[in-house]
Amino acid sequence: MLTELSIHDFFTKMAGKEAPGGGSGAAMTGLNGVCLLEMAVKVSKVSLTETEFSGALDELTRLHQELENLINADAEVLARALPALTRVGPDGSQEEWNEILLEAVHIPFEIAQACIDALVVAKQMKDKLHQNVVCDATFGAMSCNTALQGAVLLAELNISLLRGDAELMEKLKIDMMNFAEKSDMLIDAILCK
């Protein structure tokens, strides 16, 4: 599993010709952001009510695990998708082609949703964190926003490759734009002084 590699080994593998790819990188960037937010909440425990502290920490712990799992899941999908798309080819079965690509869209959407959820927590905690960790939390939120933008970019590429189902493509594009708009609103609220 990728998440069991050292940082050096992970990035050496990422620089290679096979999985992991951009989706795993987006999940890792989001995980970096969530970890910084987790740390900021833990340091700020004395400034928060018990409900605020436990609610934020529980949600960030869930997102930490989810993004860690998505690092591996994206690499697994990529490892299956590339040979399958080559085997099917652009003139092969439309149904099989689209099925493979939809799996490749699903993981970036999960990454994007996890990052939205983290940004919601960051916005809620913005004015409640200890002053020593405000920059860490802000950088964490920015990392989540960057991860989401990367996930949306990957989803957009895979959606553009779908064939023959204009209605599905339009729905997925709308979902993708909604992620980007929510992220923009949240990060603007977080960065606003």
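This is a predicted model: local features need pLDDT of at least 70, side-chain atom pairs count only at pLDDT 80 or more; totals for chains, interfaces and linings use all residues.
Me: How do I read a nonpolar core, and which residues touch the most other members here?
Reply: A nonpolar core is a set of buried Ala, Val, Leu, Ile, Met, Phe, Trp, Tyr and Cys residues joined through side-chain atoms within 4.5 Å. Buried means under 20% relative accessible area, exposed over 50%, and partly exposed in between (1.4 Å probe, protein chains only). The largest core here has 62 residues. Val41, Leu67, Phe109, Ile111 and Ile159 touch the most other members.

Me: Which helix gives the most to this core?
Reply: Helices are DSSP runs (H or I, at least four residues), numbered from the N terminus. Helix 4 gives the most, with 17 residues.

Me: What is leucine 67 in contact with, beyond its neighbours within four places in sequence?
Reply: Contact means heavy atoms within 4.5 Å. Leucine 67 contacts Ala27, Gly30, Leu31, Val34, Ile111 and Ala114.

Me: How do I read a salt bridge, and how many are there?
Reply: Side chains of opposite charge can pair when their charged atoms come close. The rule asks for a side-chain nitrogen of Lys or Arg within 4 Å of a carboxyl oxygen of Asp or Glu. The count comes to seven salt bridges.

Me: Which residue forms a salt bridge with glutamate 52?
Reply: Lysine 128 does, with the closest N and O atoms 2.7 Å apart. Glutamate 52 is in helix 3, and lysine 128 is in the loop between helix 4 and helix 5. The two are 76 residues apart. Lysine 128 counts as partly exposed because its relative accessibility is 34%.

Me: Where do arginine 62 and aspartate 117 lie?
Reply: Their side chains meet in a salt bridge (3.1 Å, N to O). Arginine 62 lies in helix 3 and aspartate 117 in helix 4, so the pair ties together parts 55 residues apart in sequence. Salt bridges that share partners join Glu59, Arg62, Glu66 and Asp117 into one network.

Me: How far apart in helix 3 are arginine 62 and glutamate 59?
Reply: They are three residues apart, so about one helical turn separates them. Their salt bridge has its closest N and O atoms 2.8 Å apart.

Key: Residues are numbered from 1 along each chain as its sequence is written. Side-chain values use heavy atoms; hydrogens and water are left out.
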